[in-house]
Amino acid sequence: MDASSSTDDDLAPGTLFGGYEVIRKLGTGAFGAVYEALRLPLRKRTALKVLHREFVRYPDVLKRFLREAEIVAQMEHPHIVGVFDLGVHDGRPYIAMEFLDGETLAERMLRVGPGTPLPDGESWRILTQLSRGLARAHA
């Protein structure tokens, strides 16, 4: 996801959207954008995935988006992001997920330097966690 990408249907900071207050855009993918948001009234930090407006009219894309939320919400695993809400606001579907603060693997690898291996044990720890999450998803 690229946080710098912008579309006409981006949600501006401070926007109230389906019971959430948008803080900032985290990134944009092919079908939607993900925002850091606060669940109101508790002000709980949340990752809010919102389908781009242009895809709402395609039943197959909409079905896939909703199915993603349903499947991931049932997984409940420490290595899979938690989903706790699904809704539609102003005609746009959204998925509310656990907000994870930190760096991506790509950011971590850039930080250690191109071509430089991760410190001893870190690669195995990452692969173990990834494998456990994937095993749960396939189960």
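**Close-up views of a predicted model**

**View 1. A salt bridge joins the side chains of Lys25 and Asp10, with an N to O distance of 3.1 Å.** The structure is a predicted model. Lys25 belongs to strand 2 (residues 20-28), whereas Asp10 sits in the segment before strand 1 (16-17); the two residues are 15 residues apart, and the pair links distant parts of the chain. Lys25 is buried, because its relative accessibility is 17% and the limit for buried is under 20%. Asp10, with a relative accessible area of 25%, is partly exposed.

**View 2. Arg43 and Glu21 form a salt bridge through their side chains (3.2 Å, N to O).** Arg43 is in the loop between strand 3 (32-39) and strand 4, and Glu21 is in strand 2, so the contact ties together parts that are 22 residues apart in sequence. The relative accessible area of Arg43 is 48%, which makes this residue partly exposed.

**View 3. Arg45 and Asp101 are part of a salt-bridge network.** The network links Arg24, Glu36, Arg45 and Asp101. In the salt bridge between Arg45 and Asp101, the closest N and O atoms are 3.7 Å apart. Arg45 lies in strand 4 and Asp101 in the loop between strand 6 and helix 2, 56 residues apart, so this pair links distant parts of the chain. Arg45 is partly exposed at 36% relative accessibility, while Asp101 is exposed at 62% relative accessible area. The structure holds 10 salt bridges.

**View 4. Strand 6 (residues 92-98) is largely enclosed by the rest of the structure, as 6 of its 7 residues are buried.** Strand 4 (residues 44-51) runs antiparallel to strand 6 and is joined to it by 5 bridges; here Thr46 stands opposite Glu98. Strand 5 (residues 83-89) also pairs with strand 6 in the antiparallel sense, over 6 bridges, with Val83 opposite Met97. The hairpin of strand 5 and strand 6 has 2 residues between the strands, and Asp90 takes a positive phi near 55° there.

View 5. Arg108 counts as buried, with 14% relative accessibility. Leaving aside residues up to four places away in sequence, Arg108 touches Glu103, Leu118, Pro119 and Glu122.

**View 6. Trp124, Leu127, Leu130 and Leu134 make a nonpolar surface patch of about 460 Å².** One of these residues, Leu127, is found in helix 3 (residues 122-138). Leu127 has a relative accessible area of 44% and is partly exposed.

Technical notes: Residues numbered from 1 in each chain as written. Predicted model: local features only at pLDDT ≥ 70, side-chain atom pairs only at ≥ 80, totals over all residues. Heavy atoms only, no water. Patch = residues over 30% accessible without salt bridge, like charges linked within 9 Å, V, L, I, M, F, W, Y side chains within 5 Å. Areas by Shrake-Rupley, 256 points an atom, 1.4 Å probe, with all protein chains shown as cover. Salt bridge = Lys/Arg side-chain N within 4 Å of Asp/Glu carboxyl O. Helix = DSSP H or I, 4+ residues; strand = E, 2+ residues; numbered from the N terminus. Buried < 20%, exposed > 50% of the residue type's maximum accessible area, 1.4 Å probe, protein only. Contact = heavy atoms within 4.5 Å. Pairing = 2+ DSSP bridges.
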